[in-house]
Amino acid sequence: YTQCLDRLERWAGDIPISQIPRKSILEFHETLYQQKPAFANAIGRMISIIFKFAYDKGIIAANIARELKLPKQAPRQTIWTIDEQEAFLKAANQVGYQSMVLAVLLGISTAQREGDILSLTWHQYDGVAIRLRQRKTKRWVSVPALPELKSELDKAKVANQAKAKEERCEYIVVCEGTKTKYRDDHFRHLFRKIANLAGLNHLQFRDLRRSAVV
């Protein structure tokens with residue numbers, strides 16, 4: 001949502017929503033679709049939400065963004081192989097980002113979303129399982145820590161507890177640079193950098209969720 005809103009803000013600037021014609025919306029979506037189809041459709045859905053909100057609040061007299069026809073895309077089916085997982089973990093270790101090792105192991109072991117993984121705190125891990133409330137579904141889940149993940153979690157927990165009290169962090173996945181929780185954009189940028197270094201340009205972090213289920 002934040003990425004979509006930022007992109008829309010750059011596109012529309014200071015133009016009042018009541019002065020944006022439907023033709024401009026369609027042309028904007030079509031141009032963006034040629035470059036990034038999935039992102040363009042996400043933008044289209046966000047435009048619909050914004051215009052519906054403006055119409056419901058009486059800011060505009062008509063919802064000109066109603067029923068935007070967004071091209072359907074085949075669902076993404078990419079799966080991480082064991083070799084690809086090992087290649088990423090090796091690359092992350094080579095550049096000194098143990099936090100990315102932990103993040104990927106959490107992703108492939110728990111099948112949770114990126115945002116939920118980055119928000120995990122140590123009190124949610126009891127040495128056996130991870131318990132969290134999913135931000136999207138609002139449901140509580142408890143996921144057992146598989147052996148490889150448990151080993152990394154236990155090492156990270158010991159290392160965190162060994163730090164001076166003021167240097168400890170409540171979050172499990174901690175950015176080596178800031179010593180605290182990752183910003184979403186920073187995490188994605190670093191993940192892409194390491195994935196490309198490992199020759200995994202075609203993989204995304206979100207693919208770990210599907211891979212865990214498979």
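In the predicted model, I49 lies in helix 3, which spans residues 37-56. The relative accessible area of I49 is 46%, a value between the 20% and 50% limits, and the residue is therefore classed as partly exposed. Together with Y1 and L5, I49 makes up a nonpolar patch on the surface. The accessible area of these three residues sums to about 360 Å².

Nonpolar side chains are also gathered in the interior. In soluble globular proteins, such side chains tend to be buried together. The largest nonpolar core comprises 36 residues, among which F88, M100, L106, L153 and I172 touch the most other members. At least two residues of this core are supplied by each of helix 4 (82-94), helix 5 (98-110), helix 6 (114-118), strand 1 (129-133), helix 7 (147-162) and helix 8 (184-197). Helix 5 provides the largest share, with eight residues.

When neighbours within four places in sequence are set aside, M100 is in contact with F88, A92, Y182, F187, L190, F191 and I194.

T178 has a relative accessibility of 43% and is accordingly partly exposed. Along the chain, T178 and A12 are 166 residues apart, and their C-alpha atoms are separated by 34 Å.

Note on methods. Residues numbered from 1 in each chain as written. Predicted model: local features only at pLDDT ≥ 70, side-chain atom pairs only at ≥ 80, totals over all residues. Heavy atoms only, no water. Patch = residues over 30% accessible without salt bridge, like charges linked within 9 Å, V, L, I, M, F, W, Y side chains within 5 Å. Areas by Shrake-Rupley, 256 points an atom, 1.4 Å probe, with all protein chains shown as cover. Salt bridge = Lys/Arg side-chain N within 4 Å of Asp/Glu carboxyl O. Helix = DSSP H or I, 4+ residues; strand = E, 2+ residues; numbered from the N terminus. Buried < 20%, exposed > 50% of the residue type's maximum accessible area, 1.4 Å probe, protein only. Core = buried A, V, L, I, M, F, W, Y, C linked by side-chain atoms within 4.5 Å. Contact = heavy atoms within 4.5 Å.
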